[in-house]
Structure formats: structure tokens, C-alpha cells
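Here is a short briefing to read alongside the structure. Let's look at confidence, then a pocket, then a pair of helices.

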Amino acid sequence: MKKALTLGALAVTMTILLAGCGSSSATSTKSTSSSSGSSKTTKIVATGSTALQPLVEQAGQAYQNEHANVTINVQGGGSGAGLSQVAKGSVNIGNSDLFAQEQKGLNAKGLVDHKVAVVGMAPVINKDAGVTNISKEQLIKIFQGKITNWKDVGGKDEKITVVNRAQGSGTRATFEKWGLDNAKVATSQEQDSNGTVQKIVSTTPGAISYLAFSYVKSDVQALSIDNVKPTEANVATNKWKIWAYEHMYTKGQPTGELKNFLTYMTSKAVQGSLVKKLGYIPLTSMKVDRGQSGAITNLK
């Protein structure tokens with residue numbers, strides 16, 4: 001009986017000691033967190049253009065690596081979604097291939113534009129079609145459904161399958177404005193992102209669509225138009241006209257880490273490295289400026 005009591009007392013003693021240790025550990029962790037000066041985390045959410053998404057993702061990761069108190073969450077969804085959400089205040093940044101004023105149904109009042117790069121866009125086809133150059137007139141007729149076989153433009157006897165981007169896509173709006181002269185296009189399958197389009201075109205015989213330069217890989221064929229190649233040099237002079245600024249919109253003037261991150265996006269570290277590496281064009285490489293109306297101004 002005495003032995004049983006002794007063991008019971010020992011168990012109670014150990015329980016008290018363990019509880020004390022646990023309490024001390026929790027208090028220590030909380031204290032360390034409070035005294036470290038890094039307990040306050042700034043979360044930045046950017047959503048919108050899938051054409052701009054790769055750049056913001058990689059730049060965001062690099063920024064986080066240097067700023068432990070910042071987390072940056074980058075999502076796609078298309079330019080329309082990004083502009084709509086930033087206007088509502090549900091995200092910090094709305095990524096867009098369009099000027100906010102070009103987005104139908106959007107109240108752009110209060111939105112502040114931050115241009116961070118230029119993106120060229122090109123019509124792309126499955127390599128099996130056997131075509132490398134077409135006229136703008138032929139391109140328009142293909143998207144209107146008036147030309148339906150690649151043999152009619154010098155290619156293989158193969159049915160053309162048109163793949164479009166969804167309504168609200170800035171890439172689509174840019175392509176239709178500058179590549180198709182705003183011609184009304186035929187109904188076709190629609191996809192939500194550049195990445196999905198790239199996969200479909202590369203694996204579907206006869207397919208045609210359009211992509212941001214940053215998504216044009218060796219498994220698809222980018223088309224020249226009227227013998228003008230879709231290159232960065234031709235975009236810089238507006239010889240290749242299918243291009244857009246990449247915008248990062250905020251609701252009101254940014255402050256704090258949000259302002260710092262946007263400043264970082266136009267820094268030499270990003271413009272001179274990531275922008276070029278990922279297939280975008282640095283703002284400083286442009287020889288012309290194009291306003292919202294489309295008016296071209298030569299830059300010195």
C-alpha cells in the first residue's frame with residue numbers, strides 16, 4: 001500500500017513538472033516572437049493578367065527572400081478579374097494588359113497605374129500546319145471562320161481549329177484590337193489562361209491561337225504577319241503592333257511595403273534581369289510610347 005502511494009505521488013509530481021515546462025516553452029516562444037520585431041507580416045495579393053503572372057510571381061518570390069516580413073500571393077484570372085477586384089478593394093494589386101479605362105463596365109476612378117513592362121503577343125499555331133507567315137487579312141478571316149483549312153494559306157491540307165481566350169482577357173482584347181482590327185470573331189472554344197492555350201495549341205493538330213511572348217515555346221510556331229516577325233526589336237519600334245503595357249493597378253496611391261514592392265518591380269534588378277529572362281520587354285528598351293487612344297509618340 002505504501003509503495004502504491006509513493007508511485008502515485010511521483011506521478012503527480014512529474015505531471016506538475018511537465019506542465020510547468022510546457023507553459024515555460026509557450027511563453028518563451030511568444031516572447032521571442034514579440035521581441036524579434038518581425039512578428040508583423042504584410043500580405044500582398046495580386047491577381048489578374050496571366051500574361052504578367054510569371055513576372056510578378058518570380059519578382060515576388062525574390063522580394064520575399066529579401067523581406068521576411070512580407071508574403072506575396074499572385075493569382076491569375078485575367079485582366080478583367082484583376083481590375084474588378086482591385087477596384088472593389090478585395091486585392092492589393094490588379095494585374096492587367098489593358099489600361100483600366102479600356103475595361104468595359106469598370107469604374108476606374110481612384111485606380112493608380114504602375115507600368116512595369118511591355119509584353120508582345122503573337123498568333124501561334126501547331127507546328128504540323130506548315131505555315132510561318134500569313135497576311136493580316138488572312139489572319140482576320142481565320143478568326144472569323146472564313147478560312148477553315150491551312151492549305152488555303154499555303155500550309156497542309158488540315159482543318160483549322162481556333163482557340164480563343166475568354167471574354168475579359170487582356171491578351172484577347174489586345175490581340176483583337178491590334179491583330180484583328182477589332183473584327184467580329186466567330187464563336188470558338190475559349191480558355192482562361194496563356195498556359196492552357198499553349199498546351200492545347202502544341203498538342204492539337206491544326207490549332208491556332210495567340211500568346212504573350214513569354215509563353216511562346218519551341219513546341220508551337222509563332223506566325224509572322226505580312227512578313228514582319230514577332231520580335232522584341234520590332235515591338236520596341238511599333239513595327240510589330242500586337243503589344244501592350246503590363247500594368248499593376250492599385251486602389252489609391254500605395255504606401256508601405258506595397259509601395260516598396262512596386263518600386264522594386266521597376267528597379268534595375270527586375271528590369272535588367274527577370275524582365276528579359278522571362279520574355280518581356282523592359283520599359284527602357286521601348287523606342288515609342290503608345291497612349292490609351294493608340295497614339296504613338298517617339299521617345300528620345
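This is a predicted model, and its protein chain averages a pLDDT of 88. A score of at least 70 is reached by 87% of the residues. Please take care with residues 1-38, where pLDDT stays under 50.

**Confidence**
- Over residues 1-38, the model has 1 contact beyond four places in sequence.
- For the protein chain, 87% of the residues score at least 70, and the average pLDDT is 88.

**The largest pocket**
- The volume of the largest pocket is about 590 Å³.
- Its lining is made up of 27 residues, and those that lie nearest the centre are L98, E102, R172, A173 and T174.
- Two or more lining residues come from each of α5 (170-178) and β12 (243-251).
- Helix α5 gives the most to the lining, with 6 residues.
- By type, the lining residues of this pocket divide into 10 nonpolar, 9 polar and 8 charged.

**Helices α2 and α8**
- Helix α2 (residues 53-66) packs against helix α8 (residues 256-265) at an angle of about 115°, and their axes are 11 Å apart.
- The crossing of α2 past α8 is right-handed.
- On the α2 side, the contact is made by L55, V56, A59, G60, A62 and Y63.
- On the α8 side, the residues making the contact are E257, N260, F261, Y264 and M265.
- The residues of this contact divide into 8 nonpolar, 2 polar and 1 charged.

Definitions and conventions. Residues are numbered from 1 along each chain as its sequence is written. This is a predicted model: local features need pLDDT of at least 70, side-chain atom pairs count only at pLDDT 80 or more; totals for chains, interfaces and linings use all residues. Side-chain values use heavy atoms; hydrogens and water are left out. On a 1 Å grid over the protein atoms alone, a cavity is a set of points where a 1.4 Å probe fits but cannot get out, and a pocket is an open set with protein on both sides within 12 Å along at least five of seven lines; lining residues have an atom within 4 Å of a point. Grid points are joined across faces, edges and corners, and a volume is the space filled by probe spheres set on the points. Helices (H or I, at least four residues) and strands (E, at least two) are DSSP runs, numbered from the N terminus. Ala, Val, Leu, Ile, Met, Phe, Trp, Tyr, Cys and Pro count as nonpolar, Asp, Glu, Lys and Arg as charged, and the others, Gly among them, as polar. pLDDT is the predictor's confidence in each residue, from 0 to 100. Contact means heavy atoms within 4.5 Å. Axes are lines fitted to C-alpha atoms, for helices over the stretch in contact, and angles run from 0 to 180 degrees between N-to-C directions. A crossing is left-handed if the near helix is turned anticlockwise from the far one by less than a right angle, and right-handed if clockwise.
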